[in-house]
Structures are given as structure tokens and as C-alpha cells.
Amino acid sequence: MLELKSLYKYFRGIPAIEDVSFSVAAGEIVGFLGPNGAGKSTTVKIVTGMLRPDAGHVFYEGHDIRNDMVAFRRVIGYVPEEAHLYGYMSGLEYLQFVGRLRGFTEALIEAKATSLLKLLHLESSQHSPISSYSKGMRQRVLIAAALLHDPQLLIFDEPLSGLDVISARLLKDLMELLAAQGKAVLYISHVLEVVEQVCQRVVVIGRGKILADAPPSELTRLMSLPNLESVFTQLVRQQDTTAVARRIVEVMRNGHA
């Protein structure tokens, strides 16, 4: 359904991503992992049309998305990492705004928006300004907005940020149900336990290049490591966090008895 082919992007001559290629099939949840600065955000911005690659292509159903971005945006639902919302609007007003942009009738907007807000436990705050919402509430508004038009491709970028345990569990169940209905899901997260539980495949990026693309169980087996977190740490060659933590404590205690 979604295919990235040999994507390259440079900023001031420095490569942000190089030869990034992977796919997300209908009915599949693919985890996209990497440390900060690895190229995840650049890749996602290219996929959503916010950035143009210097080389390479993004295909949806075999068609280059750049040939008709309007049509592509009709089928994509995107929850960004940062909740940039209009604080003066209420949650209901924001969904009404999104629904009108999508060309829905007022009756359909009202029915879908009020139902989603209720199901996401925002009913009591639907008329309050978003500026008064907590981070988790704003995140749920973004999720509702991404689902409003029943998209076929969903991109969740750190969607658990600010969510409580119940909301996080709901999102996990929702992703699995959406995939079961044939939708493609690209899931970007640092919560590796959830990635290991819900993703059929995991794509790991480091320093702008794809380091691995395989089911979580296969990665752990091939690298003889107990879990995805260990695999991730090994692949991106992250520092020894335990040693660093000890050093921090040593610095803190310096000059104290």
C-alpha cells in the first residue's frame, strides 16, 4: 500500500536520510524506530508531503504521491509528535473545522465528532478551549481528528505522549483493530514494549540509514538478544546507559560527603 523507495534528503549539504526504503502493506502495523536525530522525523515529513525529498519517491497504491497530493491526503490520517492545535477553539470546534476541510456535511460532522469525543473521554470538555486541555487531552483530540475521515493509511508519531494508562491501552487495541480491517499503520514510538506487542515488522533507522527491517521476534532471534530494547540498543550502538548513570551520580556527589 505504502512504499518508500530510495529516499534522500540533505540539509545544507549534510545528509539527513540516505537510501531509505521500506513498505507498509494493507493490514500491517509497522514500527519505525530510531534514536533522536536518526532521520525518523525527516522521513515522516516526506511521507506526509510536508517535505520534498532530494531523491527517491513515495508511492501509495503504486502511484507517486507527488502526482496528486490532494487525493493522497484524503486517505491518510496523521497524528504528529507535537500537538499544534488552535488553543482558542474547543475540542468540538476543532473537529468541526477538520470535518469541513474534509468536505463533510454538517450533520455527519456533528455525529462523528461528538461520538469520537465521547469515546475518547472528552465529552465533558468538548466545549472548553483547547488551551485549557492537558497534554493527554490534546493528544486525544489529534487522534480523533486523524480518524474522522476513516483513512486507509494511518501514521502515529509518538501517539502515547501524555496519554494515561487507559488511553494508551485503548490506542493499542485500536491500532490492532484498524489493521484487522485492512488499514496500513506506520507507528513511530520510543515505547519499545508496545512496538514489540503490536507491530508485525520493525524498521530501525540510525544516522539516516535503515539498519534493520524484520519482525521483532526475528530480530531478537538473529541477534541472540532477549527483547527488542536490547536489539535496538545494539543496532544503533547507543552508549552504555548504566555506566553514564553511574557517572552522573558521581558528578552529583562531587564535593559532598
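**A walk through the cores and helix α3**

Start by selecting Ile29, Tyr94, Phe156 and Tyr187: they have the most contacts inside the largest nonpolar core, which has 43 residues. A nonpolar core here is a set of buried Ala, Val, Leu, Ile, Met, Phe, Trp, Tyr and Cys residues joined through side-chain atoms within 4.5 Å. Buried means under 20% relative accessible area, exposed over 50%, and partly exposed in between (1.4 Å probe, protein chains only). Now colour helix α5, residues 135-147, which gives the most to this core, with 8 residues. A second, separate core of 27 residues includes Ile17, Val20, Ile65 and Ile155.

Before moving on, know that this is a predicted model, where local features need pLDDT of at least 70 and side-chain atom pairs count only at pLDDT 80 or more, while totals for chains, interfaces and linings use all residues. Residues are numbered from 1 along each chain as its sequence is written, and side-chain values use heavy atoms, with hydrogens and water left out.

Zoom in on Tyr94. Leaving aside residues up to four places away in sequence, Tyr94 touches Leu85, Tyr86, Met89, Ile130, Val141 and Ala145 (contact means heavy atoms within 4.5 Å).

Tyr94 is one of the buried residues of α3, along with Gly91, Leu92, Leu95, Gln96, Val98 and Gly99. What do the buried residues of α3 pack against? They pack against α4 and α5. Helices (H or I, at least four residues) and strands (E, at least two) are DSSP runs, numbered from the N terminus.

Next, show α3 (91-101) and α4 (106-119) together: they pack at an angle of about 135°, with their axes 9 Å apart. Axes are lines fitted to C-alpha atoms, for helices over the stretch in contact, and angles run from 0 to 180 degrees between N-to-C directions. That makes α3 oblique to α4, since angles under 35 degrees count as roughly parallel, over 145 as roughly antiparallel, 65 to 115 as roughly perpendicular and the rest as oblique. To see the contact, pick Gly91, Leu92, Leu95, Gln96, Gly99 and Arg100 in α3, then Glu106, Ile109, Glu110, Ala113, Thr114 and Leu117 in α4.

Just past α3, click Gly103, with a positive phi of about 85°.

Most residues other than glycine have a negative phi. Asp19, in strand β2 (14-24), has a positive phi of about 55° and is partly exposed, at 40% relative accessible area. Glu158 sits in the loop between β7 (153-157) and α6 (165-180). Its phi is positive too, about 50°, but Glu158 is buried, at 10%.
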